Amino acid sequence: MTEFFAALSDPNLPFFRYALLTGVFASLPFGIIGTFVVVRRISYIAGAIAHCVLGGIGLGLYLEKAVGVTWFGPMQGAVVVALLAAVVLALVSRYASQREDSVIGALWAVGMAVGLLFIARTPGYVDPMSYLFGNILLVSREDFLFVLALDVVVLVLVGLFYNKFLAVCFDEEFARLRGVHTGWIYLLLLCLAALTIVLLVRVVGIVMVIALLTLPASVAGNFSRNILQMMFLSVLFCAGFVVFGLGVSYSLDLPSGPVIIVIAAAVYLLLLSFSRLKQLAGRQ
Amino acid sequence: MSGASSSQAAIAIRDLSFSYDTQLVLADVNLEVNSLDSICVVGPNGGGKSTLIKLIVGLLLPDTGTVRIFGEKPEAARLRIGYVPQYARYDPQFPISVFEVVSMGCLGGSFTGRYSKEDKDRAMESLRITGIADLAARPFSSISGGQRQRVLIARALASRGDILILDEPTANIDHESELQFFDLLTELNKSMTILMVTHEVGFASTFFKRIACVNKQVVIHPTSELTGDLIREMYGGDLQMIRHDHCCSSEGHQHD
């Protein structure tokens, strides 16, 4: 761990400080949106959006390198496609209630397929691994600014519409009968989730998005009496997992994404077994 | 309750029919519920009770015919209805306090959905009316079935509606809670029109002025007419224990 702190203050390793700062500030949307995803039970929708993001990344790479569009790169592609996927999924949940899971599964796979096709047609070598498994050490100043912007957007919108988000997650039908435009609120929630997922792809990669979105919130759920508490704890746990995971990955020279996920999952499992034991002890 | 609204029927359904895809669920439904009426909706499972409720609150639209709430379309009159769904459909792990659930009744007042001081007072007042003010800070998941039912009624009261619509509220609550529950309804009926869905006719007959039997068609009976024959007709011979009521109030004998 001492090398970790030495690395943090090393002026030759600025990427390390960016990684850490990005991780800590990104925990805010991860924790808040993760809480909604967990209580509304839509982690499979988050998974579908995450995998669609590869389609956007592929499109961005292709436009940038093959067509020569300078203002549209993988990051722009990811944001556009993630938002598009959010809109499609919101429409699907409204109009195709019986076949919702099939449509989500199809979207999940098609997003990836399109991304890989674009990458195949992009000149030069592109390693899809870094998108699939992420690398927080590669975050740039631009990414960090994206994180700060997302922090503001999530805090303002969730702060303003908190009661409506809560009502739509807890009891959508009742919210509708109280005159809440539940379709729009749900769409807004999915769009915020989409932006958060783009960021998560950067940090832990497409494959592990669901884990970092849901594990901190699930851990926090164990200690929380209401959603506000759950969000707050979830942000803290998420930041803890990212910082500790980065430290461990640096010390042991292991990839950061998987280390973060394994730590988060270990804490979750420990907690589950602990509360189960307490239940059993309480029964005797 | 304003004077203008009491001259109109609280709920008026005319020549309504509704089908899911090709299956006809409700046909030729005519129903009029006056202000301060109390009506109980009974019928076999799959007979269209829940569909009728969804049509009244505007969650479904009829194929033909009209639904009017105080003369307005359901979508426009939604805020005048306090709705109490079945509590069993809630996620037991959802972290939310009783007070937060009840506050939801005040949604719809503003664009952002933030609660004013008045909203919070109203939510607290509703908790007092339903006799569970001391549970306000408790997690919704930690209280009993009967208490949860009261929370959902308190939430509907916080809406300050003129009509209270309840969907099978007595399912899964014990006998004593059920007695208290009907005392509460009697009190609320002094200022609100009450429409309740149930599949157990027993108790219903002691409280409600009229009974609507829903089995594709809707037939209204004053409670006093509720006899074994009628119930056999409704349920096709599959009977439960029925309590008859022979001391109906005068409104109970009206016939549409």
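What follows is a chat about helix packing, the chain contact and salt bridges.

Mentor: Ground rules: this is a predicted model, where local features need pLDDT of at least 70, side-chain atom pairs count only at pLDDT 80 or more, and totals for chains, interfaces and linings use all residues. Residues are numbered from 1 along each chain as its sequence is written, chains are lettered from A and ligands numbered from 1 in the order in which they are written, and side-chain values use heavy atoms, leaving out hydrogens and water.

Trainee: Okay, at what angle do α6 and α7 of chain B pack?
Mentor: About 15 degrees, with the axes of α6 (residues 145–158) and α7 (residues 175–188) 10 Å apart. Helices here are DSSP runs of H or I with at least four residues, strands are runs of E with at least two, and both are numbered from the N terminus. Axes are lines fitted to C-alpha atoms, for helices over the stretch in contact, and angles run from 0 to 180 degrees between N-to-C directions.

Trainee: So are α6(B) and α7(B) roughly parallel or roughly antiparallel?
Mentor: Roughly parallel, because of that angle; the label covers angles under 35 degrees, while over 145 is roughly antiparallel, 65 to 115 roughly perpendicular and the rest oblique.

Trainee: Which residues meet there?
Mentor: From α6(B), B:Gly146, B:Arg150, B:Ile153 and B:Leu157; from α7(B), B:Ser177, B:Gln180, B:Phe181, B:Leu184 and B:Leu188. Contact means heavy atoms within 4.5 Å.

Trainee: Switching to chain A: how do α10 and α12 sit?
Mentor: The axes of α10(A) (residues 209–221) and α12(A) (residues 256–283) come within 10 Å and cross at roughly 30 degrees. That makes α10(A) and α12(A) roughly parallel too.

Trainee: And how many residues does each chain give to the contact between B and A?
Mentor: Chain B gives 35 residues and chain A gives 25. The buried area is about 2800 Å², with 59% from carbon and sulfur atoms; that's the accessible area (1.4 Å probe) that two parts lose on being put together, summed over both.

Trainee: How many salt bridges cross that interface?
Mentor: Two, where a salt bridge is a side-chain nitrogen of Lys or Arg within 4 Å of a carboxyl oxygen of Asp or Glu. B:Arg155 and A:Asp171 form a salt bridge at 3.0 Å, N to O.

Trainee: How many over all chains?
Mentor: Twelve. Another pair is B:Asp37 with B:Arg210, at 2.8 Å, N to O. B:Asp37 lies in the loop between β2 (23–33) and β3 (38–42) of chain B, and B:Arg210 in strand β8 (residues 210–215), 173 residues apart.
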